[in-house]
Amino acid sequence: MTYRKNAKKVMMISAGLVLCLGMEPLQVAAAESQLVLPAAGVTSVLESELSIEEYIQLAEEAQGALWGYTNIGIANVESGNLNVRAVPSTDGKLVGKMRNNAACEILDSQDGWAHIQSGEVEGYVSMEFLLTGVDARIKANELVTTVAVANTDNLNVREQANTDSAVLTQILKGEELEYVETLDEWVKISLDGTEAYVAAEFVSVEEKLDTAITMTELLYGEGVSDVRVDLVEYAKQFLGNPYVWGGTSLTKGADCSGFVLSIYKKYGVSLSHSSRAQANEGTKISASELKPGDLVFYGNSSGTINHVAIYIGGGQVIHASSPKSGIKISKYNYRTPVKCVRVLYD
């Protein structure tokens, strides 16, 4: 924590605005214990008991300290998502999507396109829909959230904050969980809207910004039926839309089962508005048999179904997760699946 406080001191200039040190080279004044930081056209002299050598070390460590970004960009779209393409052209292959307010590292820019890296996605986005510079830094400061990141595989998620409590599910290493609060040796989280607990020693609590979603491309004629390809592409149109308990609207808000029933309604499949009921409205299959368009169900510690998602291929699902996350894409085993079901027969 000492490093973070000192790094913050180095980077906080001009009435508390966080400015990026990575944009311009540092100039160190020879005066006693003073460091001159030119950043975004602002020169600020910071006085401290630290030596010049310590300041230089902190400044070097602070490169990318804007939540891991050096030249940050923030998606700025009125509706839908910002497309990330393989080449700087509207005809380029779609490799990912940035939800509104998602962050990226701007690697370079030219002719109205930015070459970016966001999460696992690298590609090009239109500069027209991207906040940059000071605007992006100010916006990012408003958007940053706290998450608990699993640092071990098969992390037990429990109903209560003790080892005698029932295990709700297990989480993969690297998964980001919605953070609620830290309680001594336990961290309280929200898992698809359900409050739960994980051991503090097996997670790291970090500040994060939303990043781009990797798109699984399904092509007609590649062993997946046309209706399955079409259904998955249709479902992905609603990424980032809100979660609303009891809702069935793909645009104004839906819960997990409401999202599923509304997607399948377009393809002539009638489903109940309940994940538990939907789990019994098709044919049970194994995880190894999953095809795009099949359903994946998750449950509580007793195995009772309480969440549903649509498998979209490539080991991913799309689902209405929680009021905070909305409709999102996750790994199909981001938590332990309880049941897989087929409701499309082709």
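**Figure 1. Aromatic ring pairs in the predicted model.** Two rings of Phe, Tyr or Trp, the six-membered ring being used for Trp, count as a pair if their centres lie within 6.5 Å. By this rule the protein has four aromatic pairs. One of them joins Tyr234 and Phe238, with 5.1 Å from centre to centre and 85 degrees between the planes, an edge-to-face arrangement. Another is formed by Tyr234 and Tyr267: the ring centres are 6.1 Å apart and the planes stand at 70 degrees, so this pair is edge-to-face as well. Planes over 60 degrees apart count as edge-to-face. The structure shown is a predicted model, not an experimental one.

**Figure 2. The cluster of Tyr234, Phe238 and Tyr267.** Ring pairs join these three residues into a cluster. Tyr234 belongs to helix α4 (residues 226-236), whereas Tyr267 belongs to the loop between α5 (256-265) and α6 (275-278). The two tyrosines are 33 residues apart, and their pair links distant parts of the chain. Tyr234 has a relative accessibility of 18% and counts as buried, because buried means under 20% relative accessible area. Phe238 is buried too, at 10% relative accessibility. Tyr267 is likewise buried.

**Figure 3. Lys266 and two tyrosine rings.** The charged end of Lys266 sits over the ring of Tyr234, at 4.9 Å from the ring centre. Lys266 also lies over the face of Tyr267, where the distance to the ring centre is 5.9 Å. The rings of Tyr234 and Tyr267 themselves form an edge-to-face pair.

**Figure 4. Helices α4 and α5.** The buried residues of α4 are Arg228, Val229, Leu231, Val232, Tyr234, Ala235 and Lys236. These buried residues pack against α5 and against the strands β24 (305-313), β25, β26 and β27 (337-342). In α5, nine of the ten residues are buried, so this helix is largely enclosed by the rest of the structure. The buried residues of α5 are Cys256, Ser257, Gly258, Phe259, Val260, Leu261, Ser262, Ile263 and Tyr264.

**Figure 5. The largest pocket and its lining.** The largest pocket holds about 1,600 Å³ of space. Its lining is made up of 49 residues. Nearest the centre of the pocket lie Arg99, Glu176, Asp210, Thr211 and Lys328. At least two lining residues come from each of β9, β12 (145-150), β15 (176-183), β16 (186-191), β18 (203-208), β19 (213-214), β25 (316-322) and β26 (326-331). Strand β26 gives the most to the lining, with five residues. Both β25 and β26 also pack against buried residues of α4.

**Figure 6. Ser118 in strand β9.** Ser118 is part of strand β9 (residues 113-118). The relative accessible area of Ser118 is 0%, and the residue is buried. Leaving aside residues up to four places away in sequence, Ser118 touches Met98, Ala103, Cys104, Thr211 and Ala212. One of these, Thr211, is also among the residues nearest the centre of the largest pocket. Strand β9 supplies at least two residues of the lining of that pocket.

Figure 7. Val134 is found in helix α3 (residues 133-143), and its relative accessible area of 31% makes it partly exposed. Gly73 is 61 residues from Val134 in sequence, yet their C-alpha atoms are 9.7 Å apart in space. Val167 lies in strand β14 (residues 167-171) and is partly exposed, with a relative accessible area of 31%. Val167 and Val198 are separated by 31 residues in sequence and by 9.7 Å in space, C-alpha to C-alpha. Apart from residues up to four places away in sequence, Val167 touches Asn156, Val157, Arg158 and Ser301.

**Figure 8. The setting of the close-up views in the whole protein.** The protein has six helices and 27 strands. Of its 346 residues, 46% are buried. Among contacts with a separation of 6 or more, 56% are between residues 24 or more positions apart. The protein exposes about 16,700 Å², and carbon and sulfur atoms supply 46% of this area.

Notes. Residues numbered from 1 in each chain as written. Predicted model: local features only at pLDDT ≥ 70, side-chain atom pairs only at ≥ 80, totals over all residues. Heavy atoms only, no water. Phe/Tyr/Trp six-rings, centres within 6.5 Å; stacked < 30°, edge-to-face > 60°. Buried < 20%, exposed > 50% of the residue type's maximum accessible area, 1.4 Å probe, protein only. Helix = DSSP H or I, 4+ residues; strand = E, 2+ residues; numbered from the N terminus. Lys NZ or Arg CZ within 6 Å of the ring centre and 35° of its normal. Contact = heavy atoms within 4.5 Å. Areas by Shrake-Rupley, 256 points an atom, 1.4 Å probe, with all protein chains shown as cover. 1 Å grid on protein atoms, 1.4 Å probe; cavity = no way out; pocket = protein on both sides within 12 Å on 5 of 7 lines; lining within 4 Å. Points joined across faces, edges and corners; volume = space filled by probe spheres on them.
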